[in-house]
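Subject: Structure for you to look at

Hi,

Here is the structure I promised. Please open it and keep it beside you while you read my notes.

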Amino acid sequence: MRINLLKNKELIDKIDEFERLGGCIQFKVFEVENVEDSYHTHLEIAKRTLIEISNDWEDYIQKKAKELHTDRGLYFKQENYFEKLEDSGIQITNKDFFGVQFDHLTNKPQIRGVEKFYNSYFYYDTDEDEKNIVDFVNHEKDGWCSRAFCGAFLNPPHSLRIGKNIFEHEKYFLDFCKLLFSDIAKIEVYKWSVDSSNYFEAGKEWWGAHFWTIYNPTKNIYIGAVASTTD
């Protein structure tokens, strides 16, 4: 099996933009030749994702240490534990992947307040008004909406800078998903152990730690998605 980072400018630019705007999920997109069975292909994508994230961090820290004339050893070093990945992958449904903040009947998200109700949520097609508040968070198994992709994407510890109202947030999310996943009904998703790298330790404190691999059959690409942060 041969795995290559996808060099698609539109995708790369969109992912870079998401990070600049405050997004906490990091994405790596791959093309795969000589695909093996589903599980082992996703496993190799998971390993490669950790390697690429680790390489990015090391490049950044080496540059920062040089600029500040400090020792590289003073900074965090990512360590990956591939043995903890081997049997940890679980294929999950799209419903579990997107989570309770995503309305699966309409394929649209419910949006956290942007203008004034910052701790409340609203259906995508309503105004941000007290009478339209949706009480759904308590239905989340772990009690916090960032436990799945939709919440992790839309609700970083510090707000996404993607618009001034809930409609703009909805549009950004849907446009991003269409570009990356194409048809969300067709994607194949695996969830992996967040004990597989110390990268995930920060998120275990509060906000969340996530590790998914996603196959987009429409574009025939694999996506590694990781997230871990705290306030």
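Start with two helices. Helix H1 (residues 9-20) packs against helix H5 (residues 166-181) at an angle of about 145°, and their axes are 10 Å apart. This is a predicted model, so treat every value here as computed from it. Two packed helices are described in just this way, by the angle between their axes and the distance between the axes. The crossing of H1 and H5 is left-handed.

Which residues in H1 meet H5? They are Glu10, Leu11, Lys14, Ile15, Glu17 and Phe18. On the H5 side you will find Tyr172, Phe176, Leu179 and Leu180. Sorted by type, the residues of this contact give 7 nonpolar, 3 charged and no polar.

Stay on H1 for a moment. Lys9 forms a salt bridge with Asp13. The closest N and O atoms of Lys9 and Asp13 are 2.6 Å apart. Why are Lys9 and Asp13 separated by about one helical turn? Because they are 4 residues apart in helix H1. In total, the model has 12 salt bridges.

Now the sheets. Strands of a sheet pair through backbone hydrogen bonds, either parallel or antiparallel.

- S1 pairs with S2 (residues 25-33) over 4 bridges, in the antiparallel sense. Leu5 stands opposite Phe30 in S2. Asn4 stands opposite Glu31 in S2.
- S2 is joined to S11 by 6 bridges, and the two run antiparallel. Gln26 has Val226 in S11 as its bridge partner.
- S10 and S9 also run antiparallel, joined by 4 bridges. Val189 has Ile214 in S10 as its bridge partner.
- S9 pairs with S3 over 3 bridges, again antiparallel. Here Val189 in S9 is the bridge partner of Ile92.

Look at Val189 on your screen. Its bridge partner in S10 is Ile214, and Val189 is in turn the bridge partner of Ile92.

As you look along each strand, remember one general point. In a regular strand the side chains alternate between the two faces of the sheet.

S7 (residues 121-122) and S8 run antiparallel and are joined by 2 bridges. Phe122 has Ile133 in S8 as its bridge partner.

The mean pLDDT of the protein is 89. Of its residues, 95% reach 70 or more. One stretch needs care. Over residues 138-144 the pLDDT is below 50. Beyond near neighbours in sequence, that stretch has 10 contacts in the model. Where pLDDT is low, the predicted coordinates should not be read in detail.

Best wishes

Definitions and conventions:
Residues are numbered from 1 along each chain as its sequence is written. This is a predicted model: local features need pLDDT of at least 70, side-chain atom pairs count only at pLDDT 80 or more; totals for chains, interfaces and linings use all residues. Side-chain values use heavy atoms; hydrogens and water are left out. Two strands pair if DSSP finds at least two bridges between them. Axes are lines fitted to C-alpha atoms, for helices over the stretch in contact, and angles run from 0 to 180 degrees between N-to-C directions. A crossing is left-handed if the near helix is turned anticlockwise from the far one by less than a right angle, and right-handed if clockwise. Contact means heavy atoms within 4.5 Å. Ala, Val, Leu, Ile, Met, Phe, Trp, Tyr, Cys and Pro count as nonpolar, Asp, Glu, Lys and Arg as charged, and the others, Gly among them, as polar. pLDDT is the predictor's confidence in each residue, from 0 to 100. A salt bridge is a side-chain nitrogen of Lys or Arg within 4 Å of a carboxyl oxygen of Asp or Glu.
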